[in-house]
Amino acid sequence: MARIRVSRVGEQIKKELSQILQQELKDPRIGFVTITSVEMSGDLQHAKIYVSVMGDEEQKKNTLAALNKAKGFIRSELGRRIALRHTPELVFKVDESIEHGQYINQLLREVKTDDAGNR
């Protein structure tokens with residue numbers, strides 16, 4: 001039963017964070033950011049937020065720095081929007097899974113074209 005609550009709180013944080021990033025934050029370093037997942041600790045004290053950033057490594061680094069700088073504001077907004085006794089500590093991490101998936105798709109397309117060319 002506790003895992004269900006942790007999952008629901010994580011999904012609610014993901015939803016609210018998406019709105020905060022789109023509507024509230026005005027930092028130009030934050031480009032096209034997508035929150036891919038939120039992992040909550042069992043006691044709801046810590047949240048790992050995985051973000052996907054479109055762009056090169058420099059843009060990813062700048063976006064992560066901007067998110068870490070705005071962490072206090074984001075946390076206070078979450079506390080205002082979500083009724084929890086304690087607002088969790090936020091840790092932002094870059095999620096590389098989308099880029100990895102695109103790379104795999106590119107390799108598969110190359111193999112398919114090579115296979116078609118050899119016939």
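Helices are DSSP runs of H or I with at least four residues, strands are runs of E with at least two, and both are numbered from the N terminus. With that settled, I looked up Glu16 and found it in helix α1.

Before going on, I noted that this is a predicted model, where local features need pLDDT of at least 70, side-chain atom pairs count only at pLDDT 80 or more, and totals for chains, interfaces and linings use all residues. Numbering runs from 1 along each chain as its sequence is written, and side-chain values use heavy atoms, with hydrogens and water left out.

**Entry: α1**

Is Glu16 buried or exposed? I have Glu16 as buried because its relative accessibility is 9%; the cut-offs are under 20% relative accessible area for buried, over 50% for exposed, and partly exposed in between (1.4 Å probe, protein chains only). Not counting residues up to four places away in sequence, Glu16 touches Leu78, Arg81 and Ile82 (contact is heavy atoms within 4.5 Å).

**Entry: α3**

Next I went to helix α3, residues 71-81, where Ile74, Glu77 and Leu78 are buried. They lie on the same side of α3 because they cover an arc of only 100° around the axis (the arc is taken from the directions from the helix axis to the C-beta atoms). Gly72 and Arg80 are exposed on the other side. What do the buried residues of α3 pack against? I get α1 (2-24), α2 (57-69) and β3 (89-94).

I then listed the contacts of Ile74, leaving aside neighbours within four places in sequence: Leu17, Ile20, Leu21, Leu25, Leu67, Leu90 and Phe92.

**Entry: the core**

A nonpolar core here is a set of buried Ala, Val, Leu, Ile, Met, Phe, Trp, Tyr and Cys residues joined through side-chain atoms within 4.5 Å. The largest one has 25 residues, and Ile13, Met40, Ile49, Val51, Leu67, Ile74 and Leu78 touch the most other members. At least two residues of this core come from each of α1, β1 (33-40), β2 (46-53), α2, α3 and β3. I see the largest share, 6 residues, coming from α1.

**Entry: α4**

Last, I looked up Ile104, which is in helix α4 (residues 97-117). Ile104 counts as partly exposed because its relative accessibility is 35%.
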